[in-house]
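The sequence and the model come first, and the notes follow by topic.

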Amino acid sequence: MNLKQLRCGRAVVDAGSFTGAAQRCFVTQSTLSTGVAMLERELGERLFRRTTRSVSLTPFGRRIAAASFDNTVRLWSLDTGKEDGVLEGHSYPVMAVAFSTDGRRIATGSIDHHVRLWDPTPVPLLHTFQAPPPPRVRPPFPPHPPRPPP
């Protein structure tokens, strides 16, 4: 996913059509369609409901969640183009974010070995799961060579 793909997706929302969005992005309609299709393929879900007469956001396409090194997840509305929530609670950078298939829950994972489950409206934390610490691995050899007898 790159910024250009996100800008193209936002342009489709603003223009209400792929043709109008292509004009706003100064690309051909097929280039814009390809970029949006690549973004949808990477996300694993459709962002837009397309008909011969209109384009509208799917429930999945209404929000984007961005993990951050400031230990938060920022939620963005594609309807408005503005940030509409911040999930706070991890002690270390957030490395993974996933929406449930119905879009009603968000799971976040951090290098602090916690997975947090959120209800994104109005952003209460539902549950925190802590992973067990990694097992201690003993080297296959003694830590120090044996000392010769005196």
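In helix 2 (residues 18-25), the buried residues are F18, G20, A21 and A22; buried means under 20% relative accessible area, exposed over 50%, and partly exposed in between, with a 1.4 Å probe and protein chains only. The model is predicted, so local features need pLDDT of at least 70 and side-chain atom pairs count only at pLDDT 80 or more, while totals for chains, interfaces and linings use all residues. Residues are numbered from 1 along each chain as its sequence is written, and side-chain values use heavy atoms, with hydrogens and water left out. Helices (H or I, at least four residues) and strands (E, at least two) are DSSP runs, numbered from the N terminus.

**Helix 2 and its surroundings**

- The cover over the buried residues of helix 2 includes helix 1 (3-15), helix 3 (29-43), strand 1 (48-50) and strand 2 (55-57), where contact means heavy atoms within 4.5 Å.
- At the start of helix 2, a side-chain oxygen of S17 comes to within 2.9 Å of the backbone nitrogen of G20.
- After helix 2 comes F26, which has a positive phi near 60 degrees.

**The aromatic pair**

- One aromatic pair is found in a search of the whole structure; rings of Phe, Tyr and Trp (its six-membered ring) pair if their centres lie within 6.5 Å, and planes under 30 degrees apart count as stacked, over 60 as edge-to-face and the rest as tilted.
- The pair is edge-to-face because the rings of F18 and F48 have planes at 75 degrees, with centres 6.0 Å apart.
- F18 belongs to helix 2 and F48 to strand 1, so the pair ties together parts 30 residues apart in sequence.
- Both F18 and F48 are buried.

**Salt bridges**

- There are six salt bridges in the structure, each a side-chain nitrogen of Lys or Arg within 4 Å of a carboxyl oxygen of Asp or Glu.
- One of them joins R46 and E40 at 3.4 Å, N to O.
- E40 counts as buried because its relative accessibility is 7%.
- A network of salt bridges links E40, R46 and R50.
- Another salt bridge joins E83 and R74, with the closest N and O atoms 3.4 Å apart.
- E83 is partly exposed at 36% relative accessibility, and R74 is partly exposed at 26%.
- R105 and D119 form a salt bridge at 3.9 Å, N to O.
- This pair links distant parts of the chain, 14 residues apart: R105 is in the loop between strand 6 (94-99) and strand 7 (106-110), and D119 is in the loop between strand 8 (114-118) and strand 9 (125-130).

- Three strands form an open sheet in the order 3-4-5, with antiparallel pairing; two strands pair if DSSP finds at least two bridges between them.
- Strand 3 (63-67) and strand 5 (83-88) are the edge strands, each pairing on one side only.
- Strand 3 and strand 4 (residues 72-77) run antiparallel and are joined by five bridges.
- Opposite I64 stands W76 in strand 4.

- Four of the five residues of strand 7 are buried.
- Strand 6 and strand 7 are antiparallel and joined by five bridges, with F99 opposite I106 in strand 7.
- Their hairpin has six residues between the strands, and G103 there has a positive phi near 75 degrees.
- Strand 7 also pairs with strand 8 in the antiparallel sense, over four bridges, and W118 in strand 8 is the bridge partner of I106.
- The hairpin of strand 7 and strand 8 has three residues between them, and H113 in the turn has a positive phi of about 70 degrees.

Definitions and conventions. A polar contact is a pair of N or O atoms within 3.5 Å; within protein, one must be able to donate a hydrogen and the other to accept it, and residues adjacent in sequence count only if both atoms are side-chain atoms.
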